Amino acid sequence: MKSICFYFTLQQPLQLKRYRFFEIGNDHYYYDDYVNEAKIRHLTEVCYLPANQALLEMIKNSNGKFKVSFSISGIALEQLEQYSPEVIDSFKALADTGSVEFLSETYAHSLSSIFDEEEFKVQVKKHAQKIEMLFGKNPVTFRNTELIYSDELGELVSKMGYKCMLTEGAKHILGWKSPNYIYNHPYSKLKLMTRNFKLSDDVSFRFSNWSWDQYPLTAEKYIHWIAELPEKEEFVSIGMSYTALGELNTRENGIFDFMKALPYHALMNKISFATPSEIVEKVKPADVISSPFPISWADEEKDLSAFTGNDLQNEALQKLYMVGERVRLCNDKSLQYDWMNLQSSDHFYYMCTKHFTNGSPAHYSPYDSPYEAFMNYMNVLSDFLQRVEEQYPSTIENEELNSLLKTINNQELKIIKLENQLKSLKSDDATIKPAETKKSVKKVSPAKN
Amino acid sequence: MFGWEFPPHILGGLGTASYGLTKGMSLQPDLEIKFVIPKPHGDEDRSFLKIIGANCLPVVWKDNNWDHVNYRIGNLMHPDEYFYYRNYIRYDFRRIATNDLGCINFSGVYPSNLMEEISNYEAATSVIAHAGDFDIIHSHDWLTYPAGIFAKQISGKPLVIHVHATDFDRSRGNVNPQVYDIEKRGMDEANHIITVSNLTRQTVIEKYHQHPSKVTTVHNAVSPLENPERFKKTLRKDKVVTFLGRITMQKGPEYFVEAAAKVLEKTDGVRFVMAGSGDMMNQMIHLAAQRNIADKFHFTGFLRGNQVHEMLAESDVYIMPSVSEPFGISPLEAMQVGTPSIVSVQSGCAEILNNAIKIDYWDIDAMADAIYSIVKYPAMYKTLHEKGKYEVDHITWEIAGQKVRDVYNKVLGWY
């Protein structure tokens with residue numbers, strides 16, 4: 001029996017406000033609250049609430065047979081809590097049905113997996129805590145930012161205790177293999193679940209495309225394609241941005257009706273739904289796949305070129321991650337907050353010049369050109385770096401700083417310890433016989449000389 | 001083709017554009033160009049087109065022998081041609097002052113009696129029109145529209161006019177009614193109008209009331225630089241930000257000074273250069289002094305020939321904050337030597353450039369920000385330097401020439 005594994009990703013970066021260079025050093029607030037609120041509210045109206053509602057209905061109407069997973073970044077959750085708490089509530093309602101799995105990812109939807117291993121671990125942990133706090137479940141399946149994956153990263157994720165990681169079914173990694181199998185990591189216990197990007201993009205990018213030869217896509221046709229897959233392929237993994245339901249494809253285009261019709265047609269064809277963790281339990285790995293270089297789900301290339309493909313992006317990323325260790329050492333709340341938000345991969349995507357040949361900047365970019373995106377980000381980053389520098393001057397080496405901080409942080413403990421020692425010595429003094437004290441004084445005095 | 005300037009003796013962008021366009025068009029094997037200018041100097045590049053001086057065209061019959069003609073204008077035109085055109089004098093132009101050859105003397109610049117020179121040019125070109133050995137008439141800029149119209153009336157051949165600028169660009173809206181009249185008449189009479197940018201096209205449609213179907217945009221290009229490696233950037237401590245062009249209202253020099261003041265308020269190690277001359281130069285010197293940045297703000301005066309490219313190549317940023325620029329070729333020239341450019345959205349070239357920073361001319365904050373980031377963030381400079389050069393090397397006059405040819409074919413009904 002085949003299974004469909006739907007997962008949706010939800011990420012919205014905190015958009016930076018127009019930050020001119022003369023504000024560097026004066027203005028430490030970087031975000032455009034109006035734009036961020038408007039964006040979240042808009043998405044709440046057209047996508048999050050109606051989509052959550054639709055999925056909830058589907059789960060209830062199918063007696064919990066419909067299953068779905070979500071990967072929501074910490075930054076997106078924070079914004080939802082602030083601007084649309086009703087969305088959080090409706091996610092909680094989904095979580096309560098038991099048919100929903102929440103996936104683990106980096107808190108800031110960041111590229112830390114490539115640039116800063118320590119940061120990566122911190123963020124994944126922070127995100128898992130947030131998910132557990134909100135939805136009561138500790139995530140067990142890992143999905144990295146933009147489905148970025150490499151063998152090295154896989155090993156790291158495995159060591160962090162995850163059994164399964166989602167990644168892209170990139171052609172240059174799979175070759176002739178099908179994405180509809182579970183694969184093994186070459187040298188750790190991690191299992192890999194590859195996204196079927198054809199079937200995913202059919203829904204997210206082609207559903208409303210009138211010039212597509214398969215338009216209109218109906219639930220019947222879609223399930224038929226899945227049912228026709230070879231018998232041994234036990235599942236398909238379909239992942240997309242949550243905005244595919246309601247924003248990329250609008251309600252008027254019928255995306256919600258399409259979704260609602262899926263469970264019926266699937267069950268008719270004896271196709272079930274499952275979450276990634278269930279599939280990994282059930283399906284045996286078919287083979288090993290190996291990706292020595294990082295892959296992602298971005299564009300045709302399915303590599304990192306949309307995020308680290310040009311000099312602008314590289315400079316920004318290098319400058320940012322240079323101070324990672326320092327920021328983690330400090331405990332200034334606002335600095336930590338900005339550090340998270342500046343790491344969102346979206347900021348670097350806006351600087352991508354790959355799509356820029358025909359005069360249009362990267363998709364979804366709020367900037368007119370990658371150069372503008374870079375200018376604004378670098379001005380903000382310059383201010384941020386100055387603040388880090390004010391915390392800890394760069395003349396002190398990291399190790400030295402570390403030991404100094406240790407001394408400072410431990411001083412109270414040490415004082416208490418010494419005080420206790422003193423006390424006990426004093427009380428000892430009282431009970432010790434005078435003769436013995438004399439002895440000890442005698443003993444000490446030669447050393448002094 | 002009727003033009004007013006041709007390199008190497010040029011006063012503005014018109015000459016450069018005329019040269020580039022004709023050179024690009026000369027690559028079409030079935031096309032022959034006769035280019036009429038008021039006063040050639042004899043040192044123009046005639047390898048790909050024929051240049052006719054209006055000052056060599058007889059408008060009044062004078063008896064002269066071959067040798068005398070050869071002695072007088074042999075360096076500009078073959079004497080046989082003089083006699084050929086003398087046969088086509090049809091009107092009595094004795095009211096115009098002529099020399100011993102029956103030709104009119106032209107200054108070839110933009111003199112104070114410009115209107116008179118324009119009508120004289122119209123008279124001189126009438127003999128070519130009567131000779132009638134051409135298929136289409138192409139007039140560059142308003143100075144030559146009357147000649148184009150007259151030639152069209154005489155020969156009955158279609159007229160295409162090329163709008164390199166309108167008076168709305170030159171005057172920030174306060175148009176000279178005489179100039180507007182000539183421009184409007186030219187556009188009304190023309191069979192087709194070519195504009196150098198969509199911005200100009202819009203002006204032509206809205207302010208001159210032309211039908212959109214009659215107006216086509218052909219963006220300018222830039223002639224490839226011969227061995228651009230010869231222009232080197234010398235290493236220096238301070239970064240150089242350059243404004244280059246006529247210092248006049250249209251080019252928005254005051255915004256450059258204000259942006260410079262903003263940048264210098266915050267940062268060090270940047271110098272600003274205002275190259276060129278113009279009616280607002282003294283005003284700008286005063287403004288720089290008022291803003292207290294005179295020690296970092298330099299004026300070079302008028303630059304010519306290679307000096308222009310040298311100045312551009314020595315700069316770290318080139319900036320053109322034009323209030324209204326029909327096209328503006330200088331950012332492309334800057335990018336040719338690898339200098340990142342900032343252009344105003346109100347410039348025609350902003351329509352075709354991707355790897356340049358675009359700002360509104362009045363947005364001093366954005367301008368200062370763009371200057372700052374190119375100067376301070378190496379990746380920004382590097383990317384604009386490389387990608388800009390690559391981009392501009394692929395904007396060629398050959399493509400522009402082909403588009404002009406398409407217009408010809410449409411007008412002539414040759415498909």
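Author: Starting with the interface: in this predicted model, chain A and chain B bury about 2000 Å² between them, with 59% of that area on carbon and sulfur atoms.

Reader: Which three residues supply more of the area that chain A buries than any other three?

Author: A:Phe21, A:Tyr371 and A:Met375, which supply 35% of the area chain A buries against chain B.

Reader: How many residues are in contact on each side?

Author: On chain A there are 21, and they are in contact with 24 residues of chain B.

Reader: How many salt bridges and polar contacts go across?

Author: The rule finds three salt bridges across the interface of chain A and chain B. It also finds eleven residue pairs in polar contact there, both residues at pLDDT 80 or more.

Reader: Which elements of chain A give two or more residues to that side?

Author: Helix H13 (311–322) and helix H17 (370–391) of chain A. H17(A) gives the most, with seven residues.

Reader: And how do the residues of that side divide into nonpolar, polar and charged?

Author: Ten are nonpolar, seven polar and four charged.

Reader: Back to salt bridges. What does B:Lys382 meet?

Author: Its side chain meets that of A:Asp311 in a salt bridge, at 3.0 Å from N to O.

Reader: Switching to the sheets of chain B. What is the strand order in the six-stranded one?

Author: The order is E9-E8-E7-E10-E11-E12, in an open sheet with parallel pairing. Strand E9 (297–301) and strand E12 (357–359) are the edges, each pairing on one side only. On average, neighbouring strands are turned by 20° against each other, direction ignored.

Reader: Which helix packs on that sheet?

Author: Helix H10 (residues 281–290) of chain B, which touches E8 and E9. The direction of H10 makes about 165° with that of E9(B).

Reader: How many bridges join E7 to E8?

Author: Six, between strand E7 (residues 239–244) and strand E8 (residues 270–275) of chain B, running parallel. Within that pairing, B:Val240 has B:Arg271 in E8(B) as its bridge partner.

Reader: What about the sheet of four strands?

Author: That one is open too, ordered E3-E4-E5-E6 in chain B with parallel pairing.

Reader: Where does B:His140 sit, and what stands opposite?

Author: B:His140 stands opposite B:His162 in E4(B). Four bridges join E3(B) to strand E4 (residues 159–163), and the two run parallel.

Conventions
Residues are numbered from 1 along each chain as its sequence is written. Chains are lettered from A and ligands numbered from 1 in the order in which they are written. This is a predicted model: local features need pLDDT of at least 70, side-chain atom pairs count only at pLDDT 80 or more; totals for chains, interfaces and linings use all residues. Side-chain values use heavy atoms; hydrogens and water are left out. Contact means heavy atoms within 4.5 Å. Buried area is the accessible area (1.4 Å probe) that two parts lose on being put together, summed over both. A salt bridge is a side-chain nitrogen of Lys or Arg within 4 Å of a carboxyl oxygen of Asp or Glu. A polar contact is a pair of N or O atoms within 3.5 Å; within protein, one must be able to donate a hydrogen and the other to accept it, and residues adjacent in sequence count only if both atoms are side-chain atoms. Ala, Val, Leu, Ile, Met, Phe, Trp, Tyr, Cys and Pro count as nonpolar, Asp, Glu, Lys and Arg as charged, and the others, Gly among them, as polar. Two strands pair if DSSP finds at least two bridges between them. Axes are lines fitted to C-alpha atoms, for helices over the stretch in contact, and angles run from 0 to 180 degrees between N-to-C directions.
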